[in-house]
Amino acid sequence: MIDKYLAGEPFPVTGTDWETRDGTGVRDYVHVGDLARAHIHAVKHFDRILPAGRGGYLPVNLGSGTGTTVLELIKAFETVTGKPLAYELVGPRPGDIAGAYAEITRATQLLGWTPELSIEQGIADALTWMERRPLMLSGDS
């Protein structure tokens, strides 16, 4: 979405007749800062979650826990930028599904983690990162 926005090209909304709140696909968008915080919680609680001798592993899903439709994401993007986002409605991609988002109960129970940052904050931070990326790639600061 950001790449299309920066290039001045319309963002393709793939699929518009799903059985969702607005017909567009539901996806799970979570701030990278929230993901980092969850990993820190996992390291801090590792010995309690996987006691010595238990072995194996324990999958823990991370995400928003609610899901956002593509049109809701576009609206959030427009709120952050203060500008309309050009988009085009197109058919679903092969193999697409109506939606998916994480079940985060285990993360909450075992890690004491829930996402704290909004989708708007994630968009704002991603835009800031994209603006700084050419400087990071060139080694300038």
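Tutor: Start with a definition: buried means under 20% relative accessible area, exposed means over 50%, and partly exposed lies in between. Keep in mind that this is a predicted model.

Student: Why does Glu9 count as partly exposed?
Tutor: Glu9 has 38% relative accessibility.

Student: What makes Glu9 and Lys4 a salt bridge?
Tutor: The closest N and O atoms of Glu9 and Lys4 are 3.2 Å apart. A salt bridge needs a side-chain nitrogen of Lys or Arg within 4 Å of a carboxyl oxygen of Asp or Glu. Therefore the pair qualifies. Lys4 is partly exposed, at 30%.

Student: How many salt bridges are there in the whole structure?
Tutor: The search finds six.

Student: Why is Arg21 called exposed?
Tutor: Its relative accessible area is 55%. Arg21 forms a salt bridge with Glu72, at 2.8 Å from N to O. This pair links distant parts of the chain: Glu72 sits in helix α4, Arg21 in the loop between β1 and β2, 51 residues apart. Glu72 is partly exposed, with 30%.

Student: Is Asp96 buried or exposed, and how do you know?
Tutor: Asp96 has 18% relative accessibility. Buried means under 20%, so Asp96 counts as buried.

Student: What makes the largest nonpolar core a core?
Tutor: A nonpolar core joins buried nonpolar residues through side-chain atoms within 4.5 Å. Here the largest such set has twelve residues, including Phe11, Val70, Ile74 and Leu85. Helix α4 gives the largest share, five residues. Phe11 touches Val70, Ile74 and Leu85, among others.

Student: Which element gives the largest share of the lining of the largest pocket?
Tutor: Helix α6, with six residues. The volume of the largest pocket is about 410 Å³. Of the 21 residues in its lining, the closest to the centre are Tyr29, Val30, Ile119, Gly122 and Ile123. By class, the lining has 13 nonpolar, six polar and two charged residues.

How values were computed
Residues are numbered from 1 along each chain as its sequence is written. This is a predicted model: local features need pLDDT of at least 70, side-chain atom pairs count only at pLDDT 80 or more; totals for chains, interfaces and linings use all residues. Side-chain values use heavy atoms; hydrogens and water are left out. On a 1 Å grid over the protein atoms alone, a cavity is a set of points where a 1.4 Å probe fits but cannot get out, and a pocket is an open set with protein on both sides within 12 Å along at least five of seven lines; lining residues have an atom within 4 Å of a point. Grid points are joined across faces, edges and corners, and a volume is the space filled by probe spheres set on the points. Helices (H or I, at least four residues) and strands (E, at least two) are DSSP runs, numbered from the N terminus. Ala, Val, Leu, Ile, Met, Phe, Trp, Tyr, Cys and Pro count as nonpolar, Asp, Glu, Lys and Arg as charged, and the others, Gly among them, as polar. Buried means under 20% relative accessible area, exposed over 50%, partly exposed in between (1.4 Å probe, protein chains only). Contact means heavy atoms within 4.5 Å. Lists of a residue's contacts leave out its neighbours within four places in sequence.
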